[in-house]
Amino acid sequence: MELQQPIADSPYGYPGWRSVPYVGERRGAGPGEDALGRFGARLTARVLDIGVLAVAVFLASVLTDFAGDVLPALFVMVVVGGYEPVLTAVYGATLGKRLCGLRVVRRGDGGGLGFGRALWRWVCVLVGCAVPVLGVVNLLRCAWDRPYRQCLHDKAADTVVRRAQR
């Protein structure tokens, strides 16, 4: 007994069912894996940035001995609040990211961030740090997120961390 209708034109199943990729097959939705920042490089960059901020806080505590309490507190607020958004908006990377060869770009077109988007990204990092479990999930998210390897603050700001072109 022969089929009356070819399988490809079968009314059963959803349209385009033959174009569904097999498990493990790339769909091509995201950028190449080599273009994105790896988890180890991102973690190293974050540790370096925390070190820079820790040095700033230490210097502010030393300044407390010589000045009143207002000036060092203002210094810490300006440095901690403006370090990442300003450097990310102007250069596309903080000192830690530059040392690790990473750059933050917009997800859609790969362009630079404006100050507003960079500030929103930093606010999301700080909120993640304020909630202990959320901070850990935010940090580890880029290890398993596909195809863009985004942390939660990257998703909120619609950014991607890429390897810098040399």
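The side chains of Asp109 and Arg106 meet in a salt bridge, with 2.7 Å from N to O; the term stands for a side-chain nitrogen of Lys or Arg within 4 Å of a carboxyl oxygen of Asp or Glu. Asp109 counts as exposed because its relative accessibility is 56%, and Arg106 counts as partly exposed at 25%. Here buried means under 20% relative accessible area, exposed over 50%, and partly exposed in between, with a 1.4 Å probe and protein chains only. The model is a predicted one, in which local features need pLDDT of at least 70 and side-chain atom pairs count only at pLDDT 80 or more, while totals for chains, interfaces and linings use all residues. Residues are numbered from 1 along each chain as its sequence is written, and side-chain values use heavy atoms, with hydrogens and water left out.

In total, the structure holds eight salt bridges. Glu84 takes part in a salt bridge with Arg46, where the closest N and O atoms are 2.8 Å apart. This pair links distant parts of the chain, since Glu84 belongs to helix α2 (residues 70-91) and Arg46 to helix α1 (residues 39-66), 38 residues apart. Helices (H or I, at least four residues) and strands (E, at least two) are DSSP runs, numbered from the N terminus. Both partners, Glu84 and Arg46, are buried. Glu84 also forms a salt bridge with Arg121, and there the closest N and O atoms lie 3.1 Å apart. Again distant parts of the chain are linked: Glu84 sits in helix α2 and Arg121 in helix α4 (residues 115-130), 37 residues apart. Arg121 is buried, as is Glu84. A network of salt bridges links Arg42, Arg46, Glu84, Arg121 and Asp154. Side chains of opposite charge can pair when their charged atoms come close.

Buried residues of α2 are Pro72, Gly82, Tyr83, Glu84, Pro85, Leu87 and Thr88. The buried residues of this helix pack against α1, α3 (95-99), β1 (102-106) and α4. After α2 comes Gly92, which has a positive phi near 85°.

Leaving aside residues up to four places away in sequence, Val104 touches Thr88, Gly92, Lys97, Leu113, Arg121, Thr159, Val160 and Val161, where contact means heavy atoms within 4.5 Å.

Thr159 lies in strand β2 (residues 159-163) and counts as buried because its relative accessibility is 0%. Beyond residues up to four places away in sequence, the contacts of Thr159 include Val104, Leu113, Arg117, Arg121, Gln150 and Asp154.

Several backbone features fall in loops. The peptide bond from Arg146 to Pro147 is cis, with omega near 5°, and Pro147 lies in the loop between α5 (132-144) and α6 (152-157). Arg149 lies in the loop between α5 and α6 and has a positive phi near 55°, in a residue other than glycine. At 7% relative accessibility, Arg149 counts as buried. Asp158, in the loop between α6 and β2, has a positive phi of about 60° although it is not a glycine. Asp158 is partly exposed, with a relative accessible area of 29%.

As for confidence, the chain averages a pLDDT of 82, and 78% of the residues score at least 70; pLDDT is the predictor's confidence in each residue, from 0 to 100. Among the elements of the chain, α3 has the highest mean pLDDT (96) and α2 the lowest (86). Over residues 22-28 the pLDDT is below 50, and this stretch has three contacts in the model beyond near neighbours in sequence. Where pLDDT is low, the predicted coordinates should not be read in detail.
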